[in-house]
Amino acid sequence: MRVMNRNLYLCLACLTVAGCATLEEYTGLSAGGSGLVTNLNLVSTEKEVQLGQQFSTEVEKEEPLLNNPAIQHYVEEVGGRLARLAPRQEVSYSFKVIDAPDTVNAFALPGGYMYIYTGLMKLCDNEAELAAVMAHEIAHVSGKHHGEMMTRQTGMEVISSIALGENPGAAATLASQLFTSGVAARFSRAQEREADSTGMDILYRAGYPPEAMVSFMNKLLALDRESGGGRSLPIFATHPSPEERVALLQDLMRQYPEENHSYGEDRYFEEVRSHF
Ligand SMILES: [Zn+2]
């Protein structure tokens with residue numbers, strides 16, 4: 001059923017977006033990982049938060065939230081500890097768990113609305129790995145990457161009409177297209193590098209070992225190899241170049257002193273893994 005919805009969304013997406021020139025077409029520039037236009041952001045924080053609110057409504061219509069207040073509270077607590085260290089503090093970060101044990105994914109919407117799938121939580125062996133994923137997503141929000149991505153890949157008419165509440169159909173389409181399935185838009189390599197770098201900094205300052213970012217990334221790669229190496233995990237749709245990221249993360253890790261940071265293994269088992 002969900003697959004059918006996705007396909008329907010895609011068709012609607014084509015119909016809605018096809019008529020609007022994107023900034024990429026206006027400028028003739030293509031991001032394509034070159035980082036050329038990645039820092040151009042025409043979406044104000046106010047508009048970004050409005051879009052995020054609408055997208056989150058659409059996501060929650062489509063995806064079942066986990067009905068487990070204890071796990072929800074735990075994830076909020078971990079997220080809160082990370083978010084207060086984010087360089088960008090004028091948005092309020094929120095964290096919700098989606099009940100989809102077979103889906104390895106996590107994403108943040110514009111404005112700081114983050115969703116973590118239970119399938120990804122099952123793959124984490126400790127709190128530090130979950131925090132690593134969340135810190136990376138917080139860093140995307142903090143770096144205003146969503147505004148940059150939408151500026152690059154979505155017609156400004158669409159963004160404006162959604163922010164004004166004039167086009168609820170387009171809100172649903174874009175939420176699905178840009179964020180949950182990630183078929184139409186990816187963060188650029190430059191944005192990924194920044195999210196890894198800022199994310200690792202947040203992770204370290206929150207008292208977690210930076211290695212957790214590398215160990216989780218390696219787990220994703222191993223899972224991908226097991227399933228034929230086709231990059232079919234949803235998380236790869238929005239996060240390109242995993243091998244490149246592992247190499248970069250290993251480089252970044254060397255900047256941090258080895259300290260006795262906690263992986264939170266026991267706590268993670270008690271609070272999360274024992275429930276799955
Ligand atoms: Zn990313």
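Visitor: At what angle do helix 6 and helix 10 pack, and how far apart are their axes?

Guide: This is a predicted model, in which local features need pLDDT of at least 70 and side-chain atom pairs count only at pLDDT 80 or more, while totals for chains, interfaces and linings use all residues. Residues are numbered from 1 along each chain as its sequence is written. Helices (H or I, at least four residues) and strands (E, at least two) are DSSP runs numbered from the N terminus; axes are lines fitted to C-alpha atoms, for helices over the stretch in contact, and angles run from 0 to 180 degrees between N-to-C directions. On that basis, helix 6 and helix 10 pack at an angle of about 120°, and their axes are 7 Å apart.

Visitor: How are helix 6 and helix 10 oriented to each other, and what is the hand of their crossing?

Guide: Angles under 35 degrees count as roughly parallel, over 145 as roughly antiparallel, 65 to 115 as roughly perpendicular and the rest as oblique. Helix 6 and helix 10 are therefore oblique to each other. A crossing is left-handed if the near helix is turned anticlockwise from the far one by less than a right angle, and right-handed if clockwise; that of helix 6 and helix 10 is right-handed.

Visitor: How do the residues of the contact of helix 6 with helix 10 divide?

Guide: Two residues are in contact if their C-beta atoms, placed from the backbone, lie within 7 Å. Among those that meet are Ala131, Ala135 and His136 in helix 6 and Ala195, Gly199 and Ile202 in helix 10. Ala, Val, Leu, Ile, Met, Phe, Trp, Tyr, Cys and Pro count as nonpolar, Asp, Glu, Lys and Arg as charged, and the others, Gly among them, as polar. The residues of this contact divide into eight nonpolar, six polar and two charged.

Visitor: How are helix 11 and helix 13 directed relative to each other?

Guide: Helix 11 (residues 211-226) and helix 13 pack at about 160°, with their axes 9 Å apart. Helix 11 and helix 13 are therefore roughly antiparallel.

Visitor: Which classes of residue make the contact of helix 11 with helix 13?

Guide: The crossing of helix 11 past helix 13 is left-handed. Its contact includes Met213, Val214 and Met217 of helix 11 and Arg245, Val246 and Leu249 of helix 13. By class there are nine nonpolar, two polar and two charged residues.

Visitor: Which classes of residue make the contact of helix 10 with helix 13?

Guide: Helix 10 (residues 189-205) and helix 13 (residues 242-253) pack at about 35°, their axes 10 Å apart, in a right-handed crossing. Among the residues in contact are Glu192, Arg193 and Met200 of helix 10, and Arg245 and Leu248 of helix 13. The classes are four nonpolar, one polar and four charged residues.

Visitor: In what order do the three strands form the open sheet?

Guide: Two strands pair if DSSP finds at least two bridges between them. The pairing of the open sheet is mixed, and the order is 1-3-2.

Visitor: Which are the edge strands?

Guide: Each edge strand pairs on one side only. The edge strands are strand 1 (94-98) and strand 2 (106-108).

Visitor: How many residues of strand 3 are buried?

Guide: A residue is buried if 20 or more other C-beta atoms lie within 10 Å of its own, exposed if 12 or fewer, and partly exposed in between, with C-beta atoms placed from the backbone. Tyr113, Tyr115 and Tyr117 point one way from strand 3, while Met114 and Ile116 point the other way. The number of buried residues in strand 3 is five of five.

Visitor: Which residue in the turn of the hairpin has a positive phi?

Guide: Strand 2 and strand 3 form a hairpin with four residues between them. The turn residue with a positive phi, about 85°, is Gly111.

Visitor: Is Lys144 buried or partly exposed?

Guide: Lys144 is found in the loop between helix 6 and helix 7 (145-153), and its phi is positive, about 55°, although it is not a glycine. With 19 C-beta neighbours inside 10 Å, Lys144 counts as partly exposed.
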